[in-house]
Amino acid sequence: MSSRERSHHKGSSRSTRDLFGLRGFLFGSADSRASMKGAWEATLRRPVAHSGWSSCFGGIALFLFLIQAATGILLMFFYIPADPEAYRSTLYMAGQAPFGWFFRIIHHWAGIAMMFAVSLHVLRVLFKGAYQDPRDLNWIVGSVLFFLTAGFVLTGDLLPWTRSAYWSAEWWTSLVGSFPLIGHQIMLFLRGGENVTGSTVTRFYVFHVFVLPALSTLFMVLHFAMVRKLGISEPL
Ligand code: HEM
């Protein structure tokens, strides 16, 4: 075999092998159609703007959000959002389902940690004055994300349907109900009636696993797009 033939042979076996490897697939056969290599490089090789240690909290919040999504999906396999199954299915999940106790603990603590990370992130943005023009719109988008994160904590808290979960939902929804004019209507909407019942559990479940994740994803995309466009603010 001539050296030209050998190199041709080597090239064709590599391209066959590349079809089955992730790198080859992304940067080889798929790339020739969708030019992903350029897109990846533009994204990954973009230099990171100046940022101190306090700029890590937004990224930590994102990381914890992803953990919540992954562990939450696993918990959904066992949880039943109704009265009295909510309580029983939580007990089953924690005691009998394989690794149920583990994913429940991770979901519980990562939820609290996310609220904490978001709060530290807001304090950083506040003390560094990063909310000012041109990042004022991102501050507003961020404020929505703050309330969505709090929504996850408040709705998730009721789902085990324990006595303390019942009373905490009863307390904060009554607080909402005491707001002038529209408070009572909002409370009825949240509870699905005058009282906290099994319907409230079903409602909070829908908010927790569908409405809040969908809205959070949408607002995070906006948030990150603006961070990418404007960069991280210079220190004051
Ligand atoms: C789910 C919640 C949130 C996530 C995952 C998130 C994530 C991030 C990330 C990754 C950054 C870039 C790095 C950094 O500065 O930390 C950022 C920047 C920013 N965030 Fe958030 N964020 C969240 C909530 C909020 C909230 C509640 C606010 C304010 C009310 C906010 C306002 C901002 C602003 C103004 C910037 C630009 C900061 C600068 O350029 O110095 N974010 N966010």
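Predicted model: local features only at pLDDT ≥ 70, side-chain atom pairs only at ≥ 80, totals over all residues.
## Helix 11

Helix 11 contains 33 residues and spans 46 Å from its first C-alpha to its last, close to the 48 Å expected at 1.5 Å a residue. At Phe207 helix 11 bends by about 40 degrees. Gly231 follows helix 11 and has a positive phi, near 75 degrees.

Buried residues of helix 11 include Thr200, Val201, Arg203, Phe204, Tyr205, His208, Val209, Leu212 and Ser216. Among the elements that cover these buried residues are helix 5, helix 6 (85-95), helix 8, helix 9 (163-177) and helix 10 (183-191).

## Cis peptide bonds

The bond from Asp83 to Pro84 is cis, with omega near 5 degrees; Pro84 sits in the loop between helix 5 and helix 6. The bond from Asp133 to Pro134 is also cis, with omega near 10 degrees, and Pro134 belongs to the loop between helix 7 and helix 8.

## Positive phi outside glycine

Phe99, in the loop between helix 6 and helix 7, has a positive phi near 60 degrees. Phe99 has 10 other C-beta atoms within 10 Å, so it is exposed.

Leu181, in the loop between helix 9 and helix 10, has a positive phi near 60 degrees. Leu181 is exposed because 7 other C-beta atoms lie within 10 Å.

Notes. Residues numbered from 1 in each chain as written. Helix = DSSP H or I, 4+ residues; strand = E, 2+ residues; numbered from the N terminus. Expected span 1.5 Å × (residues − 1). Bend = angle between axes of the 7 residues up to and from the residue. Buried ≥ 20, exposed ≤ 12 C-beta atoms within 10 Å, placed from the backbone. Contact = placed C-beta atoms within 7 Å.
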